[in-house]
Amino acid sequence: MTRVADSAKLKSLDLYNKRLGRVPKSVWQNPELETLNLADNSLVSLSEEIGKLAQLTMLDLGHNQLSSLPESIGKLVQLRFLYLSNNKLKTLPGSLWELKTLIYLNITDNGLSSLPDKVGGLSNLIELRLYNNQLTSLPESIGALKNLRELHLMNNRLTSIPESMGNLRNLKKLIVEGNRIESLPDSLSKVIHLTDLDLRNNSLKSIPSSIGKLKQLRFLDLRANQLSSLPASLAKLEHLEKLDLRWNKSLSVPTWITKLEERGCIVYS
């Protein structure tokens, strides 16, 4: 078993891929730790003692076998970066949503089927990664994440995008590839700083004409949907660099697409 020397001055501890099996008790005796990497250690549980590390700003628990997290994680009130990817998490402790200082949260490759309304309380969050889960819906409270710039939701089971998404005025990347989304809310047109919108491999039958208001859009991926037509407002997207329309079996590509191509936009159809 790896032992970590007790030290009141230890600021950073990297135990990545040390085949620990469980976290040495000595780790919890370092209250001044600011970064702690426990990724890829076959951990199946985590002690409540992690709450002693109240100075942590970065915690990496990715690539383990955790099926739950201790409530004491909510005591990490300085935490800015939290990595939980590739575990066996189906639920998360309520205290996690009290971590107001988080700017980056990665919960990819787990078994989450829902998010609580309390997710909207992570007011400083800039990047949220939730892909490869089993999410069937998103709470309307997600629209309260006013500082969010990237939202990664690919490979879930979403059938819709909440209207409140239109409140994410600072959002630049919205990736919802590989879901079951059937329609888009008109409110999406209010996300005026959006540059990347990935909608491939969904069940979209139409695109709202209001999408033409996304003046900063650079990349729009509509591959593998059920589209039969496109709104002419797409021609107004002056900054569009790439439009992918492949694998929409019933789609007739309109003539105005040439306007985009003449402006230098790459169109795949």
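Modeller: Side chains of opposite charge can pair when their charged atoms come close. Here, Lys 118 and Glu 98 form a salt bridge at 2.9 Å, N to O. The term means a side-chain nitrogen of Lys or Arg within 4 Å of a carboxyl oxygen of Asp or Glu. This is a predicted model, where local features need pLDDT of at least 70, side-chain atom pairs count only at pLDDT 80 or more, and totals for chains, interfaces and linings use all residues. Numbering runs from 1 along each chain as its sequence is written, and side-chain values use heavy atoms, leaving out hydrogens and water.

Biologist: Is Asp 244 buried or exposed?

Modeller: Buried means under 20% relative accessible area, exposed over 50%, partly exposed in between (1.4 Å probe, protein chains only). Asp 244 has 2%, so it is buried. Its salt-bridge partner Arg 246, at 2.7 Å, N to O, is partly exposed because its relative accessible area is 26%. Salt bridges with shared partners join both into one network with Glu 177, Asp 198, Arg 200, Asp 221 and Arg 223.

Biologist: How many salt bridges are there by this rule?

Modeller: Twelve. Another of them pairs Lys 11 with Glu 34 at 3.6 Å, N to O.
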